[in-house]
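Trainee: I have a structure open and a list of questions. Can we go through them, starting with the terms?

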Amino acid sequence: MSRSSLFGSPLFLGFDHLEQMLDRVAKNADGYPPYNIEQTGENRLRITLAVAGFSMDDLQLTQEDNQLVVRGKQREEVEGRVFLHRGIAARQFQRAFVLAEGIDVEGAWLDNGLLHIDLKRPQPEVRVKSIHIGTRGAQGGRPLVNGNALDDGSASIA
């Protein structure tokens, strides 16, 4: 049975990777740690995660293809300590953010239990291509472009 998809329309060609990214984001729906995403400039973003109790050595920030992955793992330091009540758990986490193509991570810093990650979004460039439309010739039905038949049967792009 086929699954209904946002990108199932024949007008969305080659957007399979977007559907896969949306699936990855849905799997990463755990609410821990909480975070904010703010626009700090025209082409700048900042992700802020609340990571109270984690030191810089407990945190790992990596960019894996088009994903920004933040991992946190606190070291258990219970040796010699006797807890009468333990309500603050040393919880591990992994939070992934899917980045658009070209977004650069400019830097990150930890301040008062908040991990700040600055991102720079590239300026979108407008691209316009003119595509030449050839005619069919008598050479086995191959299109003609500038009087020459193309070997692969495709039209040339100017």
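Mentor: Start with the nonpolar core: a set of buried Ala, Val, Leu, Ile, Met, Phe, Trp, Tyr and Cys residues joined through side-chain atoms within 4.5 Å. Buried means under 20% relative accessible area, exposed over 50%, and partly exposed in between, with a 1.4 Å probe and protein chains only. This is a predicted model, where local features need pLDDT of at least 70, side-chain atom pairs count only at pLDDT 80 or more, and totals for chains, interfaces and linings use all residues. Residues are numbered from 1 along each chain as its sequence is written, and side-chain values use heavy atoms, with hydrogens and water left out.

Trainee: Which residues touch the most other members of the largest nonpolar core?

Mentor: Leu49, Ile117 and Leu119, in a core of 15 residues. Two or more residues come from each of β2 (44–50), β4, β5 and β7. Strands here are DSSP runs of E, at least two residues, numbered from the N terminus.

Trainee: What is Leu49 in contact with?

Mentor: Leaving aside neighbours within four places in sequence, its contacts include Val70, Phe97, Leu115 and Ile117. Contact means heavy atoms within 4.5 Å.

Trainee: New topic. What is the strand order in the open sheet of three strands?

Mentor: The order is β3-β4-β5, with antiparallel pairing. β3 (59–64) and β5 (93–98) are at the edges with a single partner strand each, so one side of each has no neighbour in the sheet. Two strands pair if DSSP finds at least two bridges between them.

Trainee: How many bridges join β3 to β4?

Mentor: Six, and β4 covers residues 67–72. Leu59 has Gly72 as its bridge partner, and Glu64 stands opposite Gln67. The hairpin has two residues between the strands, and Asp65 takes a positive phi near 55 degrees there.

Trainee: Why is β4 largely enclosed?

Mentor: Because five of its six residues are buried.

Trainee: Last one: is His116 buried or exposed?

Mentor: His116 is buried, with a relative accessible area of 11%. This residue lies in strand β7 (residues 114–120).

Trainee: Which side chain makes a polar contact with the one of His116?

Mentor: Thr48, at 3.1 Å. A polar contact is a pair of N or O atoms within 3.5 Å; within protein, one must be able to donate a hydrogen and the other to accept it, and residues adjacent in sequence count only if both atoms are side-chain atoms.

Conventions:
Helix = DSSP H or I, 4+ residues; strand = E, 2+ residues; numbered from the N terminus.
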